[in-house]
Amino acid sequence: MESRQGILREAKWTDVFWRGLYEAQVGESSYTVEIDYFDIRERIALYRNGVLVDSQKSPAAFELPEGGRIEAAMALYGVKYARVVGSGRSGGGEAQLAPAPGSAEHLRLRFARQHPALSRLIAVLAWVVLVVALVTQLPVTLNSLGNWVGLAVPTFALPSWANTALAVAGLLAALDRAFRMKHNPLLDD
């Protein structure tokens, strides 16, 4: 994940598909959390002023010399959270890290600022699609697990084109939620 002996690599346009970058200014130091969404080891890297200082398995808690800590955890895709806890920046409480320029999360945030009504509509549609997918696909999953214990739950008889469309829409909805840094264990894990 790291490059050039622990120096943070700038975001490229191709990184939006697999790499999350989240930033915070704590005291005089600039911190960046880097997450490779496809890293099966689930490692999260912390950079201070562009230099790698630590890497931990998700969920990670990095103690900061200025006080407080940065916490981050990976979701199925995206992040569950990336936050500063107990530092001067968070007022002793908790503050979410900002998506770094060039990241998919930053691009989605910029889109939301430029087109707030359309962004809200997309967010509502993403939530509805995921709930519909959950309701229609959960019985299928329960039946596949229930075959071992003789449990059968009624399913929705959707045509194959509807299942395919729902699967594609569900993927896009999950990506939108990940890029908006929204996480709900029921919908997003």
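**Strand pairing, core and helix**

Thr 32 stands opposite Tyr 47 in β3. Keep in mind throughout that this is a predicted model.

Ala 24 is the residue opposite Tyr 31 in β2. The hairpin here has two residues between the strands, and in this one Gly 27 has the positive phi, near 60 degrees.

How many of the eight residues of β2 are buried? Seven are, so β2 is largely enclosed by the rest of the structure.

Now the core. The largest nonpolar core contains 20 residues. Those with the most contacts inside it are Tyr 22, Val 33, Ile 35, Ile 44, Leu 46, Ile 70 and Leu 97. At least two core residues come from each of β1 (19-26), β2 (29-36), β3 (43-48), β5 (60-63), β6 (69-74) and β7 (79-85).

Take Ile 70 as an example from the 20-residue core. With neighbours within four places in sequence set aside, its contacts include Tyr 31, Val 33, Leu 46, Phe 62, Val 84 and Leu 97. Arg 83 is also in contact with Ile 70.

On to the helix, α1, residues 104-114. Which of its residues are buried? They are Ala 104, Glu 105 and Arg 108. Looking down the axis of α1, these buried residues fall within an arc of 100 degrees, so they line one face of the helix. On the other side of α1, Arg 113 and Gln 114 are exposed.

Last, the loop between β9 (98-99) and α1, where Ser 103 is found. Is Ser 103 buried or exposed? Ser 103 has a relative accessible area of 2%, under the 20% cut-off, so it counts as buried. Its side chain reaches the backbone oxygen of Ala 100 at 2.7 Å. Apart from neighbours within four places in sequence, Ser 103 is in contact with Val 16 and Leu 21. Thr 14 lies 89 residues away from Ser 103 along the chain, and their C-alpha atoms are separated by 9.4 Å.

That is what I have; over to you.

Notes:
Residues numbered from 1 in each chain as written. Predicted model: local features only at pLDDT ≥ 70, side-chain atom pairs only at ≥ 80, totals over all residues. Heavy atoms only, no water. Buried < 20%, exposed > 50% of the residue type's maximum accessible area, 1.4 Å probe, protein only. Helix = DSSP H or I, 4+ residues; strand = E, 2+ residues; numbered from the N terminus. Arc of directions from axis to C-beta. Core = buried A, V, L, I, M, F, W, Y, C linked by side-chain atoms within 4.5 Å. Contact = heavy atoms within 4.5 Å. Pairing = 2+ DSSP bridges. Polar contact = N/O pair within 3.5 Å; in protein donor to acceptor, adjacent residues only side chain to side chain.
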